[in-house]
Amino acid sequence: MAQCLMLDVDGVAVTGHPEDGRSWAADIEQDLGIDPHRLQDVFFAPCWGDIVLGRKNLMDALRACLPTLSASVTPEEFLEYWFSRDARLNEAVIGACDVLRRRGWRIFFATNQEHLRARYLMERLGLGRHVDGMIYSARIGAKKPEGAFFKAAARISGAAPEKLILVDDSESNVAAARQAGWAAHHWTDGDDLLMLLQDRKTG
């Protein structure tokens, strides 16, 4: 069976604002008139945990929360602002994925995402052309570093644990993958994906 790479998205394949890598919300108060601290308190803190696990609909949550943050910004406008500004592709990583697939590797994104951004990443940003699929938390009802996420990811991929390698910028996710019997490497900015995977037992 081919080796199977499970690749994190945010912080590895996608690295923030397209222009400079800053947070997508760095200019949100200037651009949309939304206080980022209130956004955290009103939307992300109470809602995101359920959204990223697929228990709550993102658009429904925005319809409920946005009126207290802005009288004029619609959920659709907010999402387009968010997704388009959290979309800087790590071209070196994407290129390495293409090389690995030509060598016979199977590659999946393994990520904590909700449904709409997962679709945006795969379709609008075109990441789906470079991998075999995306395994994400809202789809399976579990998130990294929960053991249930890794069990589901192995099942969906069809790969045995000893064939699976996670590359992720979270040390807790790396530790959880190793606990599940995978190989894993903690990604840091500037790493070379192909070099990391020269030895499949890396890290």
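User: Which residues lie nearest the centre of the largest pocket, and how many residues line it?

Analyst: Let's begin with the general idea. Rolling a probe the size of a water molecule over the atoms shows where empty space is left. Now to this structure, which is a predicted model. Its largest pocket is lined by 19 residues, and the ones nearest the centre are Asp 10, Trp 48, Asn 112, Gln 113 and Arg 117. The volume of this pocket is about 400 Å³.

User: Okay, on to helices. At what angle do the axes of α2 and α3 cross?

Analyst: Picture each helix as a line, then look at the angle between the two lines. Helix α2 covers residues 36-51 and helix α3 covers residues 58-65. Their axes cross at roughly 160° and come within 11 Å. An angle over 145 degrees counts as roughly antiparallel, so α2 is roughly antiparallel to α3. The crossing of these two helices is right-handed.

User: Which residues of α2 and α3 meet?

Analyst: From α2 you have Val 42, Phe 43, Cys 47, Trp 48 and Ile 51. From α3 come Leu 58, Ala 61, Leu 62 and Cys 65. In this contact, nine residues are nonpolar, with no polar and no charged ones.

User: What is the angle between α4 and α6?

Analyst: Helix α4 (residues 75-85) and helix α6 (residues 115-124) pack at about 55°, with axes 11 Å apart. That makes α4 oblique to α6. This crossing is right-handed. Leu 79, Glu 80, Phe 83 and Ser 84 of α4 meet Leu 116, Arg 117, Tyr 120 and Arg 124 of α6. The contact divides into four nonpolar, one polar and three charged residues.

User: Last one: which residues does a cis peptide bond join?

Analyst: The general idea first: most peptide bonds are trans. In this model, a cis peptide bond joins Lys 144 and Pro 145, with omega at about 5°. To find Pro 145, look in the loop between α7 (137-140) and α8 (147-157).

How values were computed
Residues are numbered from 1 along each chain as its sequence is written. This is a predicted model: local features need pLDDT of at least 70, side-chain atom pairs count only at pLDDT 80 or more; totals for chains, interfaces and linings use all residues. Side-chain values use heavy atoms; hydrogens and water are left out. Axes are lines fitted to C-alpha atoms, for helices over the stretch in contact, and angles run from 0 to 180 degrees between N-to-C directions. Helices (H or I, at least four residues) and strands (E, at least two) are DSSP runs, numbered from the N terminus. Angles under 35 degrees count as roughly parallel, over 145 as roughly antiparallel, 65 to 115 as roughly perpendicular and the rest as oblique. A crossing is left-handed if the near helix is turned anticlockwise from the far one by less than a right angle, and right-handed if clockwise. Contact means heavy atoms within 4.5 Å. Ala, Val, Leu, Ile, Met, Phe, Trp, Tyr, Cys and Pro count as nonpolar, Asp, Glu, Lys and Arg as charged, and the others, Gly among them, as polar. On a 1 Å grid over the protein atoms alone, a cavity is a set of points where a 1.4 Å probe fits but cannot get out, and a pocket is an open set with protein on both sides within 12 Å along at least five of seven lines; lining residues have an atom within 4 Å of a point. Grid points are joined across faces, edges and corners, and a volume is the space filled by probe spheres set on the points.
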